[in-house]
Amino acid sequence: MYFAVISIFPEMFATIREFGITGRAVTQEQVTIECINPRDYTTDNYRRIDERPYGGGPGMVMMAEPLSKAIEDARLRAKEYGCRVDSEHCPVIYMSPQGQTLSESSVVGMTYYDGMILLCGRYEGIDERLLSQYVDMEVSLGDYVLTGGELPAMVLMDSVIRRLPDIMGDDKSAEQDSFVDGLLDCPHYTKPHEFAGMAVPEVLLSGHHANIAKWRFAQQVSRTQTRRPDLWQAFTPTVEQAKWLEALAKADKK
Ligand SMILES: Cc1cccc(C(=O)NCC2(NC(=O)c3cccc4nocc34)CCCC2)c1
């Protein structure tokens with residue numbers, strides 16, 4: 001999968017290009033992450049990419065021109081990489097507080113793209129005419145104020161990359177399965193057996209896999225009910241999980 005990131009701080013993206021599972025995906029060429037700096041598309045001596053806002057007010061606004069050239073170049077590179085460069089297969093996504101909030105379901109949808117071109121804002125934002133001309137989709141990480149769109153872009157890329165086929169391999173984490181079915185995660189334990197006077201729940205030492213799976217599911221259910229009643233409301237159990245829920249309900253009645 002091809003990612004082009006348009007940002008004035010390309011060095012930030014070493015975080016996902018050089019570490020962990022995303023870094024391995026890049027090394028193994030399952031994923032390409034190209035960083036494009038709009039400053040390289042300026043024509044003035046000061047390499048301006050921002051200007052004072054029309055209408056006054058604090059801060060600066062990112063200019064349309066350099067960003068438009070950067071996006072055009074990103075499209076060329078995406079095409080060279082083999083992407084079908086249109087909004088269905090390689091959208092221009094603006095990381096923005098005005099966007100749709102990122103969710104696991106929208107992440108899954110993005111794994112079907114050939115690629116994506118991610119636009120990261122800084123300062124007060126980007127000239128609206130650039131957005132209306134080039135942006136296919138605005139995506140937000142959530143309702144809080146940040147200094148830039150780079151971290152949201154990395155979160156989006158991380159969540160998409162880990163969902164691509166052949167990335168997680170045998171270390172596919174249980175966490176992926178749990179949250180995908182809309183439940184919070186169960187507790188995890190590892191060596192040593194004792195820590196700060198606390199042992200490990202006996203069932204996890206029993207080697208009884210069915211009981212262990214039931215205990216973990218029960219933990220996911222109770223944690224979701226207590227910590228995220230909104231997720232619990234929306235939870236739709238599989239046939240298997242519905243059976244386990246019945247068994248749990250019966251057990252609670254005893
Ligand atoms: C709730 C709210 C209202 C008004 C402004 C801002 C704000 O933070 N504005 C600053 C910028 N914020 C983000 O890019 C950004 C922020 C948050 C989540 C995101 N998910 O993707 C990109 C995101 C926009 C231009 C430069 C950074 C936030």
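Me: Which residues does Leu156 touch, not counting residues up to four places away in sequence?
Reply: This is a predicted model, and contact here means heavy atoms within 4.5 Å. With residues up to four places away in sequence left out, the residues that Leu156 touches are Met95, Leu102, Met110, Met116, Leu118 and Val139.

Me: How many residues of strand 6 are buried?
Reply: Buried means under 20% relative accessible area. In a regular strand the side chains alternate between the two faces of the sheet. In strand 6, Gly115, Ile117 and Leu119 point one way, while Met116, Leu118 and Cys120 point the other way, and all are buried. The number of buried residues in strand 6 is therefore six of six.

Me: Which residue of strand 6 is the bridge partner of Tyr2?
Reply: Strand 1 pairs with strand 6 in the parallel sense, over five bridges. Within this pairing of the two strands, the bridge partner of Tyr2 in strand 6 is Gly115.

Me: Which residue in strand 6 does Met95 stand opposite?
Reply: Strand 5 and strand 6 run parallel and are joined by four bridges. In strand 6, the residue opposite Met95 is Cys120.

Technical notes: Residues are numbered from 1 along each chain as its sequence is written. This is a predicted model: local features need pLDDT of at least 70, side-chain atom pairs count only at pLDDT 80 or more; totals for chains, interfaces and linings use all residues. Side-chain values use heavy atoms; hydrogens and water are left out. Buried means under 20% relative accessible area, exposed over 50%, partly exposed in between (1.4 Å probe, protein chains only). Two strands pair if DSSP finds at least two bridges between them.
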